[in-house]
Amino acid sequence: MTPVSNPPPKKTFLSTTVPKDFHFSTDTRVKSSTSCNTEKEVDFVSQLRKPSSPAKARKGATVPKPFNLSRGNKRKAEEASAYVPMAQQIEQFQKRTPTRYHMHSRRSQERGPATAKGNHLKLTQPHSPYLMTRQRSRPPTVKCSAELEAEEAEKLANFKIKALELNRKILEGAEDLKKPAVKEPTVPEGFELEIEKRLQERQATKKPQEDDEKPQNFKAKPLPKKVLEGVVGLPEKKVANPTVPESPAFALKKRVRLDRKVEEVKQPSPVKAPPVPHFGLPFQPRLPENHRVEVCPFSFEQRERERKALREKKLEEKRNEEIPQFKAQPLPDFDSVVLPEKKKLEPTKPEPFRLLLDERGTVKNSRWEQMVKEEQKHQEEAAVFKARPNTVIHKEPFRPKKEARPAVGNNSSIVVEAFELATERRAREWQEYERVTSEKEVLRAHMEAEQRREEEQRQKEEVARLRQEQVHKAQPIRHYKPVAVKKSEVPLTVPESPNFSDRFRL
């Protein structure tokens, strides 16, 4: 028998949901579908005066306005406002506060929204139309002929010519008129041009040159007598001293025999243990020291005193300076007019031009003279006779050789050579070209036939393989091992009563 446990706690049931009707906003709207179903009597006369849409509904009575028939459709030019500089406009724009930042007064906020006033309709007060035709009556501006004549007469009266009285002094002074002095005639003077002076100087310098260019007579110089006595101009032949034989100095005291350097073999360094690393001194914090700031009063009295002394010194110097006395310059002598001396410009002195052509000409002349001297020197050296040694007597005498010519005919020296025409050469080249092209064509046809044969063989093999794969072959029945049912070795479950916990009981 299982022990009896406490019964499970009872479930708590919530109150049932109370359904409520739904209230949509669309219920208050008037639908078109309801209007078509319900049939109502509509007054046709009242519907004529209703506006088509609520936006077009008129509000209030019509206010009549006077007609302005004389005014055209053209826009009037805007009145020119006062000129404001651009800098001032920019400054006003920067200083202006936008409307969104304007603060609203507390009274307007406490007052609340303004009450909507009812638009009460009033009776229309009729007014007679004020037509613009009343303003069109213009006074006549054309003057009549009588007014024009009166204006012309008034103008003529204002511009009357009044003759002046005769001056008697003019008639009295006419008897004392003097005859003007006759001036001397102008003496013409020739022009002194600089080009004329340069031409005169050039002609003056040319005369001595023409005198120098006289034909010079040739005068032979006397023959020097030294040439007849012996050779002149050749240096004396230096006789070389005979060579003194000396024994060769193979070993000298100055020579030092250098021994070969023997490479030193370095011994391996002994193994040393590395030293212990030094990590430094341990950290020692510093105690805060009591720093006291000394209060020193400051002032500008000394600087002001120095500046005042410097200002007084400058004022004293200005007082002690001598005041310059005014001295008037004498008046100039107006009786005698002294003019500055006229500067006479010196005539231009002609100078010879230094042209690059002249410089190149001088260089070329110098080179030509040097070449002529060298050529003369070579000719003089070639004119000196130097006999060569006689080598002909030691050579063999000349013996003519008979030419070995093939005997084509009897006593004929003509040799016949083979020749080839260009047509034969072109024909041979053309035959060779045709042979090569025919061989290439045969080889290409052979390769194409071989490829075609291989392609056909491959297609046949592919078709045979596909046919062989498509043949259905029945598979044999498969025999598997028989299934042996074994008895389970798992023990049976022992039933037990549930051990409920009373921890959650109320």
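A salt bridge is taken here as a side-chain nitrogen of Lys or Arg within 4 Å of a carboxyl oxygen of Asp or Glu. In the predicted model, a search of the whole structure under this criterion returns twelve salt bridges.

One of these contacts joins the side chains of Glu316 and Arg319, with an N to O distance of 3.3 Å. The two residues are separated by about one helical turn, because they stand three residues apart in helix H9 (residues 301–320). Glu316 is partly exposed, at 38% relative accessibility, whereas Arg319 counts as exposed, at 59%.

Helix H11 (residues 422–470) contains both Arg435 and Glu439, four residues apart, or about one turn of the helix. Their side chains meet in a salt bridge at 2.9 Å, N to O. Arg435 has a relative accessible area of 39% and is therefore partly exposed; Glu439 falls into the partly exposed class with 44%. Also within helix H11, Glu462 and Arg465 lie three residues apart, about one turn of the helix. Salt bridges with shared partners link Glu432, Arg435 and Glu439 into one network. For the pair formed by Glu462 and Arg465, the closest N and O atoms of the salt bridge are 2.3 Å apart. Glu462 is partly exposed at 34% relative accessibility, and Arg465 is partly exposed at 37%.

Helix H5 (residues 145–158) comprises 14 residues and extends 20 Å from its first C-alpha to its last, close to the 20 Å expected at 1.5 Å a residue. Helix H5 lies largely in the open, because the number of buried residues among its 14 is zero.

With a relative accessible area of 71%, Lys65 is exposed. Lys65 and Tyr130 are 65 residues apart in sequence, while their C-alpha atoms are 9.0 Å apart in space.

Note on methods
Residues numbered from 1 in each chain as written. Predicted model: local features only at pLDDT ≥ 70, side-chain atom pairs only at ≥ 80, totals over all residues. Heavy atoms only, no water. Buried < 20%, exposed > 50% of the residue type's maximum accessible area, 1.4 Å probe, protein only. Expected span 1.5 Å × (residues − 1).
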